[in-house]
Amino acid sequence: MGEAHPYIGRLLLGKYQLVEHAGVGGMAEVFRAFTLGASGFRRPVAVKRIHDHLSQQDEFVRMFVEEARVVSELQHPNIVQIHDFDKDEAGRYFIVMEWVQGMSLLEWALLHVEHGFHTPWFLVSAVGIEVLKALGAAHGRRDGEGEPQPIYHRDVSPQNILIHESGIIKLADFGLARAMDRARTTTPDVIKGKLSYMAPELTRFAEPSPQSDIFGVGIVLWEVLTGRRLFCGEHPMQIVEAVRRTAVPSLRAARSDIPIALHDIVHRALSQDPNGRFASCREMMRALANILRTTPMRTDADVIAASLSSASAGRFTAATGTPAITDPRFVGPGAEPSAQFELLRRKS
Ligand SMILES: Nc1ncnc2c1ncn2[C@@H]1O[C@H](COP(=O)(O)OP(=O)(O)OP(=O)(O)O)[C@@H](O)[C@H]1O
Ligand SMILES: [Mg+2]
């Protein structure tokens with residue numbers, strides 16, 4: 001990757017050594033790094049440096065610090081843990097978090113698409129269950145007095161779901177979308193990236209809810225199963241309109257190999273009306289778990305780990321459960337690829 005990045009090798013605040021550029025998102029860029037401690041102690045971490053133009057906006061920084069503080073309290077095996085938050089010598093804010101060695105769900109899905117395969121529906125369902133566990137824990141959060149203090153993710157997308165090489169699923173960037181919204185500092189690119197994963201009611205400024213995150217899970221499942229973007233467009237307003245219309249092409253028309261029950265779950269999560277969706281993450285999780293009970297295919301972390309390596313090698317076998325479908329495009333009636341349905345690869 002980007003070994004030539006000017007920040008590689010730098011030491012932030014005498015503690016965090018940046019070793020590799022991992023990627024750039026709407027709000028920040030991410031580095032693989034090490035925390036340096038006494039006696040040569042080194043721990044791998046991810047350092048997420050907030051873009052310069054955002055670091056300079058007081059309102060954004062204030063919201064961001066507040067969100068990062070709340071989110072850093074979240075401790076769950078399926079949530080990327082936040083370790084630290086600070087400002088470097090150049091005045092740029094950064095978050096230090098757990099480094100997840102592996103790939104994002106987006107990369108995993110793209111490896112399938114690029115080799116002309118579909119992602120195995122049972123593994124996608126298993127990933128969905130883990131993401132719902134993370135969301136359910138955050139929605140059920142209570143403060144010191146035992147009062148409900150839910151945290152909503154608000155940006156559940158295939159790039160924010162990380163798969164550790166051991167097959168463990170970790171949801172990243174909890175609540176950070178909120179700092180962006182509240183500070184109203186979003187640039188058009190950021191808005192576009194986020195809008196595609198927003199629930200229709202949030203485009204009308206409703207308060208986030210368990211159902212708005214459940215809608216996000218529905219989008220992720222639909223996209224990873226079909227290898228296509230669900231809500232996209234050239235301009236932010238076109239994306240908003242697509243989200244508000246909530247026209248969701250039938251999953252089964254895209255993939256006849258998936259169980260009808262899975263089709264029903266994804267479409268229910270993607271109901272335009274929040275009341276039409278699942279009542280809670282737990283309810284959706286149970287529905288997915290029920291389907292997995294009916295298949296002989298294994299879906300534990302070892303199988304997901306094996307699927308990561310076979311996807312990286314571009315070798316898909318029945319052993320990793322990936323059906324060999326040579327044409328990744330839509331097949332079947334009413335499923336013509338149209339301008340609205342682009343390959344997942346496209347960012348917007
Ligand atoms: N904790 C982490 N461990 C390993 N890799 C990470 C971690 N966090 C992020 N990454 C990688 O860094 C890349 C950039 O992440 P970033 O969150 O900035 O952007 P994004 O997720 O692509 O988009 P968004 O702005 O919507 O979050 C991601 O593609 C991801 O693969
Ligand atoms: Mg992210």
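Gln17 stands opposite Phe34 in strand E3. This pair belongs to a predicted model. E2 and E3 run antiparallel and are joined by 7 bridges.

Leu12 has Tyr16 in E2 as its bridge partner. E1 and E2 form a hairpin as well, with 3 residues between the two strands. In that turn, Leu13 has a positive phi of about 50 degrees.

## The shell around ligand 1

Which strand gives the largest share of the shell around ligand 1? That strand is E2, with 3 residues. Strands E2 (16–24), E3 (28–36) and E6 (93–98) each supply at least two residues of the shell. Both domain 1 (11–98) and domain 2 (102–347) are represented, with at least three residues from each.

There are 23 residues around ligand 1, and those that come nearest are Gly23, Gly25, Val30, Ala46 and Val100. Sorted by class, the shell has 12 nonpolar residues, 8 polar ones and 3 charged ones.

## The sheet E7-E8-E9

Another part of the model is an open sheet of 3 strands, in the order E7-E8-E9, with antiparallel pairing. Its edge strands are E7 (102–104) and E9, each of which pairs on one side only. From one strand to the next, the twist averages 25 degrees.

Between E8 and E9 there are 3 bridges, in the antiparallel sense. Ile163 stands opposite Ile169 in E9. Helix H4, made of residues 121–139, lies across E8 and E9. The helix runs at about 45 degrees to E9.

## Glu165

Where is Glu165 placed? Glu165 is in the loop between strand E8 (161–164) and strand E9 (169–171). Why is Glu165 classed as partly exposed? It has 14 other C-beta atoms within 10 Å, and a residue is called partly exposed because its count falls between the limits of 12 or fewer for exposed and 20 or more for buried.

Apart from neighbours within four places in sequence, Glu165 is in contact with Gln101, Gly102, Ala305 and Leu308. The C-alpha atoms of Glu165 and Ser307 are separated by 9.6 Å, and these two residues are 142 residues apart along the chain.

Notes:
Residues numbered from 1 in each chain as written. Chains lettered and ligands numbered in written order. Predicted model: local features only at pLDDT ≥ 70, side-chain atom pairs only at ≥ 80, totals over all residues. Helix = DSSP H or I, 4+ residues; strand = E, 2+ residues; numbered from the N terminus. Contact = placed C-beta atoms within 7 Å. Near = placed C-beta within 6 Å. Nonpolar A, V, L, I, M, F, W, Y, C, P; charged D, E, K, R; others polar. Domains from an automatic or database assignment. Pairing = 2+ DSSP bridges. Axes fitted to C-alpha atoms, helices over the stretch in contact; angles between N-to-C directions.
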